[in-house]
Amino acid sequence: MVGAGNGEYLDPADRRQMQLEQVQVSCNRAFKNVPFYRNRFLEAGVSPQDITSPEDLAKLPFTERRHFSEHYPYGLFAVPLRDIVRIHTAPGTAGNPTVSGYTVRDLRLWRQLVARALTAAGVGADDIVQIVLHPGLANWGRDYKDGAEAIEASVIPLNALHLAKQIMVLRDYKSSVLITTPGSAAQMEEALFSAGINPTQLALKTLVLVGEPVDQAQRRFLEDRLHVTTWIHYGLSEIPGPAVAFECPEHRGLHLAEDHFLAEVLDPASRQPVQAGDPGELVLTSLTTQAFPLIRFRTGDRVRVVPDPCPCGRTLTRLEWLPGRMDDLMVLQGVKIDKDQVVLRVRQTLGTEAAVLRVGLEERGSYKGLEVRLGVDERLFSDEIKELERIVRRLAFELRQEFGVPAEVRLLEASGMRDEA
């Protein structure tokens, strides 16, 4: 079985020793090869040799999303560019995207990690896997394709087909597994019923939901309407990819890939570990990544550790992925978006300090979209309706291109309104 045998069933004491050895290697690699991490270690008065237990990571400062943009494009790489075989990019902060790289070994390990998560969901060689993700998660589309092919499943890769065509493919190609976000799954369910297609006409049996947490009501709704079993995968849209944590057949939390990551769950105010079972922010340190090591990365995601052993026999720590975030980022179709980055992009596109009245998420029936409200004033806009419409269309297009998610721009009277961005 591809992806099995990588520590899923290790005795906890053996895993702790393995993690310690791996975190020492990861810290050494970061210290020796990445000036950012070396300087952070030195500022904290810590050397890699001081990390003698997983708890010693608390001596080190956090890595945050802004650091990715500040060291754009390759400042956080730990290997020479000649060793990089794939480069990913995602929306970042401070005006620059996030850029991450992968070595041949990184890609091989990630393929095994994704394959393991799919295997836990019962996906195998007899399945036809369809991947439907927005462009902002195109990197995940490639990762899921590679992982599914590793277990010899047939794959319909991520593509640019619109919703009606995706439904046609789902029905005609007899897809048995659909990998998508909760919002896109809701859209597809709505489109199926609007088109008069009974889910009994489909071969679909497995729905893998990625990108955002799902509450039980939404999950049961999708299962009942589509006649499927849902599985939740947790990942990071910036780095390094999907299936960092996955559900087993027990559906009692997500097993964290502890053979690849060491996790802390911290109180965001005190930055100290929370009590067992209490919610907190997930902080991750990579253990096996060569090209792009992460040391105490603040994910902003809310989780809690499920303390009791899992009946499936896996000894990997289980997490409950909770709604809401510990930071100000918006999550749309699995893509994390910084409001300040949206405002910057609007002003760059328009070439002026336009009055951005609001940046937020707009409910559009079964899914959400990015909404930007702009104030109309004499500094920017003419009185010509056609010119206003052209500006709106252009800006919406630029936002969709930048963030890879649905986006709409609305014009409002600026006078007397407070900038809410």
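In this predicted model, Tyr144 touches Val114, Leu118, Ile131, Ile179, Val208, Val210, His233, Pro242 and Ala243, leaving aside residues up to four places away in sequence. Tyr144 also belongs to the largest nonpolar core, which holds 108 residues. Together with Ile179, Val342, Val346, Leu370 and Leu399, Tyr144 is among the residues that touch the most other members of this core. Helix 4 (residues 104-120) supplies the largest share, 7 residues, and at least three residues come from each of domain 1 (1-326) and domain 2 (335-419). As general background, nonpolar side chains in soluble globular proteins tend to be buried together.

Ala243 lies in the loop between strand 7 (229-234) and strand 8 (245-247), and has a positive phi of about 60° although it is not a glycine. At 0% relative accessibility, Ala243 is buried. His251 likewise has a positive phi, near 55°, and sits in the loop between strand 8 and strand 9 (254-256). With a relative accessibility of 29%, His251 is partly exposed. For context, most residues other than glycine have a negative phi, and most peptide bonds are trans. A cis peptide bond is found from Tyr72 to Pro73, where omega is near -5°. Pro73 is placed in the loop between helix 3 (65-70) and strand 1 (86-90).

Just after helix 6, Lys174 adopts a positive phi of about 60°.

At the level of domains, the protein is divided into domain 1 (1-326) and domain 2 (335-419). Their C-alpha centres lie 31 Å apart, and the contact takes 21 residues from domain 1 and 11 residues from domain 2. About 1,200 Å² of area is buried between the two domains, with carbon and sulfur atoms giving 56% of this area. On the domain 1 side, Pro91, His134 and Gln187 lose the most area to domain 2, together 33% of what that side buries. The count of salt bridges between domain 1 and domain 2 is 0.

Turning to charged pairs, the count for the model comes to 31 salt bridges. In one of them, the side chains of Lys205 and Asp127 meet at 3.5 Å, N to O. This pair links distant parts of the chain: Lys205 is in the loop between helix 7 and strand 6 (206-209), while Asp127 is in the loop between helix 4 and strand 3, 78 residues apart. Lys205 is partly exposed, with a relative accessible area of 44%, whereas Asp127 is buried, with a value of 4%. Asp146 and Lys145 form another salt bridge, at 3.2 Å, N to O. In this pair Asp146 is buried at 16% relative accessibility, and Lys145 is partly exposed at 23%. Glu371 also forms a salt bridge with Arg373, the closest N and O atoms being 3.2 Å apart. Here Glu371 is buried at 3% relative accessibility, while Arg373 is partly exposed at 31%. Elsewhere, salt bridges that share partners join Glu64, Arg66, Glu70, Glu281 and Arg298 into one network.

A few individual positions complete the picture. Arg15 is found in helix 1 (residues 12-33) and is buried, with a relative accessible area of 4%. Leaving aside neighbours within four places in sequence, Arg15 is in contact with Gly7, Glu8, Tyr9, Leu10, Glu258, Thr315 and Leu316. Ala355, in the loop between helix 9 (339-350) and strand 16 (356-364), is buried at 17% relative accessibility. Ala138 lies in helix 5 (residues 138-150) and is partly exposed, with a relative accessible area of 23%.

How values were computed:
Residues are numbered from 1 along each chain as its sequence is written. This is a predicted model: local features need pLDDT of at least 70, side-chain atom pairs count only at pLDDT 80 or more; totals for chains, interfaces and linings use all residues. Side-chain values use heavy atoms; hydrogens and water are left out. A nonpolar core is a set of buried Ala, Val, Leu, Ile, Met, Phe, Trp, Tyr and Cys residues joined through side-chain atoms within 4.5 Å. Buried means under 20% relative accessible area, exposed over 50%, partly exposed in between (1.4 Å probe, protein chains only). Helices (H or I, at least four residues) and strands (E, at least two) are DSSP runs, numbered from the N terminus. Domain bounds come from an automatic or database domain assignment. Contact means heavy atoms within 4.5 Å. Buried area is the accessible area (1.4 Å probe) that two parts lose on being put together, summed over both. A salt bridge is a side-chain nitrogen of Lys or Arg within 4 Å of a carboxyl oxygen of Asp or Glu.
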